[in-house]
Amino acid sequence: MSLDPPRPRLPPLNALRAFEAAARLGSFKLAGEELYVTSGAIAQHVKSLESWTAGELFRRHPQGVELTELGRSVLPAFTAAFDRLGAAAHQLSVSAAPQEIRIAALPSIAQLWLSPRLPAIRHTLPEVQISVTALEQPPNLKRDLFDISLFFASREAQDDRAGTIICEDELLPVCAPEIAQHLALPEHLRDCTLLRDSQWRDDWPRWLSIAAPDLTLNEGGPVHSLYSLAVEDARSGGGVLIGHSALVQAFLDDGSLIAPFPERLHSGQVLRLRSRGGAQPRGEVQELAELLVQGTC
């Protein structure tokens, strides 16, 4: 008589993934954002994994969560495992479509900086298929299926993901020529419509802090959810916008936008390019990255 006892089952992959993300990021909320689920879903996955292990992986506090010794002891192995899984999935993707390069970029960078450069790049690399995905947060290039990322980031980043600085980001008011001719001093902004971007609401206060610290401006005015819409509004004469130099330089060059004041403020950010594979990405990715770096602001 043969025996076929039930075999111990591994915990669900989603539960392991939720635990690793929450443990690495120190937050159920941040883990949910990374994995595109709710923090409640992360909590349920972790709870199911704790039931499977019959051990506590996190201590819950009113201020958040804290890894237990058990959780800390296994985190490095799980992080390495998911990194390897991401690398294997990416290798499968590359093998299936070796000439395709996927770029992730902040929406404003994708629309205003990258898009105008793509025709020349495609002419130089006609055999390469370039796909662009607009994301609000940088991808994890060890796991996500992207080859290159283009985002604003701190200049001080010194880790292995630091990548290459393309240019500094500076803040400066910009507007259409017909508006600029009436702006000799920052005080003249009182009579203008001020345009704002919903993600960069502090741009005006930051620039005013160095250009006209005693000047108080109207808090009203249009607020755009996409920076590219705010730029187009400024170009069409809708008002004055704080420009991010990396994103508006082309329009300053062609004269459709004017910088009426000399004061510029370093935002503390740089436009940074990161490549999958660190210093040794595959050949096509390296070629494309070099072209993007050469296409300076």
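Author: Accessible areas come from the Shrake-Rupley method with a 1.4 Å probe, and for residues only the protein chains shown count as cover. On that basis the protein exposes about 16,000 Å², and carbon and sulfur atoms supply 54% of this area. The model is predicted: local features need pLDDT of at least 70, side-chain atom pairs count only at pLDDT 80 or more, and totals for chains, interfaces and linings use all residues. Residues are numbered from 1 along each chain as its sequence is written, and side-chain values use heavy atoms, with hydrogens and water left out.

Reader: How do you know what radius of gyration a compact globule of 297 residues would have?

Author: The rule is 2.2 Å times the number of residues to the power 0.38, with the radius taken over C-alpha atoms. For 297 residues a compact globule would come near 19 Å, but the protein has 24 Å. The C-alpha atoms fill a box of roughly 95 × 50 × 30 Å along the principal axes.

Reader: What makes a run of residues count among the helices and strands of the protein?

Author: Helices (H or I, at least four residues) and strands (E, at least two) are DSSP runs, numbered from the N terminus. The protein has 11 helices and 10 strands by this count.

Reader: What makes Ala54 buried or exposed?

Author: The relative accessible area of Ala54 is 73%, so Ala54 is exposed. Ala54 sits in the loop between helix 3 and strand 1 (58-61), with a positive phi near 60°.

Reader: How do you know which residues Val65 touches?

Author: Contact means heavy atoms within 4.5 Å. Not counting residues up to four places away in sequence, Val65 touches Gly26, Ser27, Phe28, Phe58, Arg59 and Arg60. Val65 and Gln111, 46 residues apart in sequence, are 38 Å apart in space, C-alpha to C-alpha.

Reader: What makes a set of residues a nonpolar core, and which residues touch the most other members of the largest one?

Author: A nonpolar core is a set of buried Ala, Val, Leu, Ile, Met, Phe, Trp, Tyr and Cys residues joined through side-chain atoms within 4.5 Å. The largest holds 45 residues, of which Ile109, Trp113, Ile148, Leu150, Leu288 and Leu292 touch the most other members. A second, separate core of 18 residues includes Ala180, Leu189, Ala212 and Leu265. In soluble globular proteins, nonpolar side chains tend to be buried together.

Reader: Which residues of helix 10 are buried, and what covers them?

Author: In helix 10 (residues 245-254), the buried residues are Ser245, Ala246, Leu247, Val248, Phe251 and Leu252. Their cover includes helix 5 (107-114), strand 5 (148-154) and strand 9 (240-244). Just after helix 10, Gly255 takes a positive phi of about 85°.

Note on methods
Buried means under 20% relative accessible area, exposed over 50%, partly exposed in between (1.4 Å probe, protein chains only).
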